[in-house]
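Visitor: I am new to this structure and would like to learn how to read its charged pairs. Could you take me through them step by step?

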Amino acid sequence: MGGERSPSNGATSNAVDGEAQTVVQAGTIGGDVHFHASDGYRRASELFEDMALVPLVVPQRKVASDRLHGREALTGSLVDGVRRRATGQDRSVPGVLTLCGMGGTGKTTIALEIAHRVSDFVTLIWWVSVLEPASLIGAMRAVAMNAGASVAEFEHLHPADVLWRRLNALPSPWLLVLDNVDDLDLLAADGHTLADGIGWLREPRTPNGTVIVTSRESRGERWGSWIQCHHVESLSAEDGARVLLDRVPGAGTAHDAELLAANLGGLPLALDIVGSYLASAARAVWPDSDTPTTFADYLSTYADRLADIDAAAGTGDRVSSRRNIATTWDLSLDLLARQGHPPARPLLHLLSWFAAVPLPYQLVLDLEVLRRSSLFADLTERQLKGALHDLVGLQLANLVPGVKRDVSRALELHPVVRSGCRTHLDAAYSALGIDLLVHATSAWDPEDPARWASWRALAPHCAAAIRALPGNTGIDSALVLDMTAVALRSAQYEFTAGLFQDATRTAIKVVEIRGDRLGATHRHTLDASRFLAQALLADGRNKEALARYREVFQLSQGLFAADDPHMLSARRGLGRSMVRCGLLREAKHEFEQLIGVHLAHGWSQAQLEVVQVRRELASVLLTLGDQHQAEAEFRSLVALRRAGADHDLLTLQLRLMLAKAMRENGSLAETERQVRELLDDAMKVYTAEHPMVLAIRHVLAITMRNRGRTGEAEQELRAVGAIARDRLGEEHPTTVVTRHELANILYAARRFEDARAEFEAIGGINKRRLGTHHPDTLTSYHNLGCVLFDMDRVEEALSILRSVTSARIRVLGENHPSTLLSLEIVAEVQRVKEKGSGHGAV
């Protein structure tokens, strides 16, 4: 293949892979470059342009610098540490600092103050609020892009790798603040703990970078030794009293303020809520007679209504235990009810039903839907707006800006407030929340980029709702199924936008719920299961996707007609997953059967769906070594497409595949002419960095190399490789195959040690990306074995080449050219070993 070599020899074959409307993940190392369909590429670009608008700036201070009572020492110490690290004065200062403590202790306030103070000497500062997986992924991608990442780098690298690759390359001092990281697993890589340091949170490799994390997680062993934890405790009674007196200076003496602060446990959140309540009461023209207006009155009311809870971090000291924070905002809700806003209480409880991320309330809180619930039967528009206004005014809810015109504002609850309110929730709130989400999203197209900002804002709420459904038996089944439909459409948005892991998580839960409620063979369950298989395949979980597609196909047989769109989609997905898993002969049979089904039911050869399946089949034929039949099929497909769409991406892909087939059949001069013409046509439509253009240039370089113009080929490959590394990343398929061809050039120049290192590294990358038995992986290790043979490391070479040969027999068959080449080389290496002497080139 084009990238496959005999020892000290040239190429023998090549193959391709790809598809019209999805990311191509698998292809042969020998000359195949991976690209996207036009819609997918455009949508990915628009998605990341959209994510670039995620607010990353440091919010304004919540507390003035001169009112950080009880926090001055810690804040000053951390600011000094960041300064010494950023300016290079002290490299022993840890690069990752955490502010740990229970919710409401003011960790965010401290982090905000640090971020503002260090802005004098830190060039780049990003602020990310981490509450749900979806919010984390979107914001961290936005940080990566702000740090210089391109859209294409995310195509085949984990976003966390892209992020840290860019952060570690920054020459200027930078600070990343991750706020509200309560679930450390959100920052950990799959199958690892955060302490492993290979997920979203890592130790900066350069001293000019610092990360500050705020979290409720206070167990030091969960953070790792490379992270310095600072525990943020509640305030002393004296400092708490100063906080209260700052908010309401006329509400009593310092002594009374100290008593109230002590009974509130010194929790800054509670102190702030109480201060807001008393300030609001003080402004009332005619307060009710039982409305507390002083510290002493509030303390008396609070003590009468609450039972103690042990919140002294396990010390058992009831004197230092704080009171139940829930009653603190309960008093505020009582005040609002007396002031003529009775909907405030159920509205706050309803807001707590949604996910712990900002809620775009103007999209969700539809007045007519609210009125259908007994909770808000007589609600008026004025009452709704007034209740929201006062909830924000008493800081029971916080108003946060949106990022788009149609998501202009959002509300978020403090985690402590939200947690307390959720204890009041029953089936009525769940039913209403689902009804609101169903109504809000009913007219949204998941594939319309114009709606992606809205979907992105509501996707975490859809996912949270679907996660809560299995244990909630009090919700009507019809409403449950409506919610699964919304969640599935949300997952389809995530899939279209390239958020494959999010889409997979949501789809798994939808399949689980529909299976329980409807049964495994119901049409809605099978539709969701088929989408799950598609998401798994896009996420690179090839074996799981294959198993899921097989299950869907088996369960669907006998229930659907052969030409039902569900069956056609399932079978095409089944064939694609077979290709990804290296089951090429099975995939060939599946695609042949699928084409027959289309034609038997009246589809024409020129219809897009049939062209796509024929393209899949021709790609498999080329990989299996049937170059002449593959070339004939590609010629036929190109003729069909060029008649009406000469420059669309599918047509360009088909023309490139035809050129590859021609090259494999020995028509090198004609291949080069066709490829240069194709490159000219592609440059009329796409930029020089577009994956399609890089793919064409790569094929051109290989063709020049095969024609003996090695110098020109090397120059072209290095140019393509430089663009690919910069735009796509080190492990993107385009980068890998370009690197492989350059390694072949090193090998041909007898620079064996350099070639060995390259082939070994490429093999490792392919093994991780594609699996041990994928044809690309086998090609990499085949070439590694050949290099070792030419280096007189015969035992190592023989072991690797035997392993490759066995795998090729299983994957490609005994008569495939690559298999025959492997058998021939193994025999030669075995003869050399038996002779026990030098061998020279084979």
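Visitor: Is Arg-751 buried or exposed, or something in between?

Guide: Buried means under 20% relative accessible area, exposed over 50%, and partly exposed in between, with a 1.4 Å probe and protein chains only. Arg-751 has 43% relative accessibility and therefore counts as partly exposed, and Asp-754, at 38%, is partly exposed as well. This is a predicted model, in which local features need pLDDT of at least 70 and side-chain atom pairs count only at pLDDT 80 or more, while totals for chains, interfaces and linings use all residues. Residues are numbered from 1 along each chain as its sequence is written, and side-chain values use heavy atoms, leaving out hydrogens and water.

Visitor: Which residue forms a salt bridge with Arg-751?

Guide: Side chains of opposite charge can pair when their charged atoms come close. A salt bridge is a side-chain nitrogen of Lys or Arg within 4 Å of a carboxyl oxygen of Asp or Glu. Here the partner of Arg-751 is Asp-754, with the closest N and O atoms 3.4 Å apart.

Visitor: How many salt bridges does a search of the whole structure find?

Guide: The search finds 45 salt bridges. One of them joins Arg-117 and Glu-113 at 2.7 Å, N to O; these two are four residues apart in helix H3 (residues 107-118), so about one helical turn separates them. Helices are DSSP runs (H or I, at least four residues), numbered from the N terminus. Glu-113 is buried at 2% relative accessibility, whereas Arg-117 is partly exposed at 28%.
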